[in-house]
Amino acid sequence: MRVQTYCFALATIVATTTALSAEQTNAPAAPKSAIAIEEIATGLAHPWALQFLPDGRMLITERVGHMRIVTDSGKVSKPIAGVPKVLVSGQGGLLDVLLAPDFSSTGHIYFSYAEPRGGYKNGTTVARATLSLTDDGGSLSDVKVIFRQNPAIASNLHFGSRLVFAPDGTLFITTGDRGIVRGEAQNPAVHLGKVIRINPDGSAPEDNPKHAGWKPEVWSIGHRNIQGAAINPETKTLWTVEHGARGGDELNQPQKGKNYGWPVITYGRDYTYLPIGEGQKKAGMEQPIYYWDPSIATSGLLFYTGSLFPDWKGNAFVGGLAGQHLTRLVIKDGKVTAQEKLLTEHGDRIRDVRQGPKGAVWVLSDDPKGKLIKLTPK
């Protein structure tokens, strides 16, 4: 009888949640795009992030701890020397990479990684380094840590982490809640489940939130695991996508000093199908711009500004890991009005999405033999 009662309650929870969210989360289908899909490189070991270099080559991180240079013809370099020791476990490894705004003159890059901190503890760390390029790779020098997520946790889950320069030159860093201490996402005195904003040297900007009890580098709180971030070219503000649990992936516009709810409110459910927190809304906590239910496991975020795809201008692109596709979101007046699912026939876990210098869209697939894929008009 207890088993039957539990199953009935479980089915009721699932049915109720689906009924509440179905019309709110699924935007109408956008007109289909005619695209050509080309696999440029294969055999990348769980590639995580992609940045275009001034000479047109690409700098790609592999979660196993390697950085490589890849040409637009698919030539993959040897690993770049000088990458610090990385914890490669579960979701941890070498993560995002970002060129400094003055890269052409300084060679500076910023990168995030899961850093071993002694014993079984670890955390998301961001370092700055000078990249010296060669024809077949290169090397890092003057590596300096500018941010360490604290406290360190014995977990191999939910590291975040995307890096984005704001128009004012400050650096946004996204972090995860580390999975096993998710309630700390509501604690502004720690770095777990936060958006962080620092200066390029690691110091906290003077105009960060001044709320009592907040660490000076914390920008917003109540996030689960943000793995996509970009500056919206229209609003000049940070937008992010973060993983929900079973459902409840979110598109947000994290604003100064605000609380985005996790794990008190969410449109997702726990992996047991039971509710999380107090519901879907609460005073003083922000609602997402858009959410996915079921979850697609969002990773990577791009706002398209090129002319190669005129109909895509202003659209957002979001990678789906579990969803195994790339989502195009049509956004008008700050709201998602339509969507298109791309690459659905390929079955690839999409980790990152970037716009190339000539307007093509480039994506990375997260697999042991991951791919670099180029999208152009058909």
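**Figure 1. The salt bridge between E340 and R328 in the predicted model.** In this predicted model, the side chains of E340 and R328 form a salt bridge in which the closest N and O atoms are 2.8 Å apart. The pair links distant parts of the chain, with E340 placed in strand β20 (residues 335-342) and R328 in strand β19 (residues 325-332), 12 residues apart. E340 counts as buried because its relative accessibility is 6%, and R328, with a relative accessible area of 5%, is buried as well. For both residues the cut-off that matters is a relative accessible area under 20%. A search of the whole structure finds 18 salt bridges, and two further examples are shown in the legends that follow.

**Figure 2. The salt bridge between K371 and D348.** The side chains of K371 and D348 meet in a salt bridge with an N to O distance of 3.3 Å. Because K371 belongs to strand β23 (residues 370-377) while D348 belongs to the loop between β20 and β21, the contact ties together parts of the chain that are 23 residues apart in sequence. At 6% relative accessibility, D348 counts as buried.

Figure 3. R162 and D352 meet through their side chains in a salt bridge, at 3.6 Å from N to O. R162 lies in the loop between β8 (137-148) and β9 (163-165), whereas D352 lies in strand β21 (residues 350-355), so this pair ties together parts that are 190 residues apart in sequence. R162 and D352 are both buried. Through salt bridges that share partners, D96, R162, D352 and R354 are joined into one network.

**Figure 4. The aromatic pair of F52 and W362.** The model contains 12 aromatic pairs. In the pair shown here, the ring centres of F52 and W362 are 5.6 Å apart and the ring planes stand at 70°, so the arrangement is edge-to-face; the angle that defines this class is one over 60 degrees. Since F52 is part of strand β2 (residues 47-52) and W362 is part of strand β22 (residues 361-365), the pair ties together parts that are 310 residues apart in sequence. F52 is buried, and W362 is buried too.

**Figure 5. The aromatic pair of Y304 and W312 and the cluster that contains both residues.** The rings of Y304 and W312 have centres 6.0 Å apart and planes at 85°, and the pair is therefore edge-to-face. Both of these residues, Y304 and W312, are buried. Together with F309 and F317, Y304 and W312 form one aromatic cluster.

**Figure 6. Arginine side chains placed over aromatic rings.** The charged end of R178 sits over the ring of F159, at 4.1 Å from the ring centre. In the second example, the charged end of R246 sits over the ring of Y273, and here the distance to the ring centre is 4.1 Å.

**Figure 7. The largest pocket and its lining.** The largest pocket has a volume of about 550 Å³. It is lined by 20 residues, of which Q51, A230, I231, L302 and R354 are the closest to its centre. At least two residues of this lining come from each of the strands β2, β9, β13 (226-232), β17 (298-303) and β21. Divided by class, the lining of the largest pocket consists of 15 nonpolar, three polar and two charged residues. Of the residues named here, R354 also takes part in the salt-bridge network with D96, R162 and D352.

**Figure 8. The second largest pocket and its lining.** By class, the lining of the second largest pocket divides into six nonpolar, nine polar and six charged residues.

Figure 9. The structure holds one cavity of 30 Å³ or more, and the volume of the largest cavity is about 50 Å³. The largest cavity is lined by G222, R224, E242, H243, G244, G248, E250, Y260, W262, I265 and T266. By class, this lining comprises three nonpolar, five polar and three charged residues.

Technical notes: Residues are numbered from 1 along each chain as its sequence is written. This is a predicted model: local features need pLDDT of at least 70, side-chain atom pairs count only at pLDDT 80 or more; totals for chains, interfaces and linings use all residues. Side-chain values use heavy atoms; hydrogens and water are left out. Rings of Phe, Tyr and Trp (its six-membered ring) pair if their centres lie within 6.5 Å; planes under 30 degrees apart count as stacked, over 60 as edge-to-face and the rest as tilted. Helices (H or I, at least four residues) and strands (E, at least two) are DSSP runs, numbered from the N terminus. Buried means under 20% relative accessible area, exposed over 50%, partly exposed in between (1.4 Å probe, protein chains only). A charge sits over a ring if NZ of Lys or CZ of Arg is within 6 Å of the ring centre and within 35 degrees of the ring normal. A salt bridge is a side-chain nitrogen of Lys or Arg within 4 Å of a carboxyl oxygen of Asp or Glu. On a 1 Å grid over the protein atoms alone, a cavity is a set of points where a 1.4 Å probe fits but cannot get out, and a pocket is an open set with protein on both sides within 12 Å along at least five of seven lines; lining residues have an atom within 4 Å of a point. Grid points are joined across faces, edges and corners, and a volume is the space filled by probe spheres set on the points. Ala, Val, Leu, Ile, Met, Phe, Trp, Tyr, Cys and Pro count as nonpolar, Asp, Glu, Lys and Arg as charged, and the others, Gly among them, as polar.
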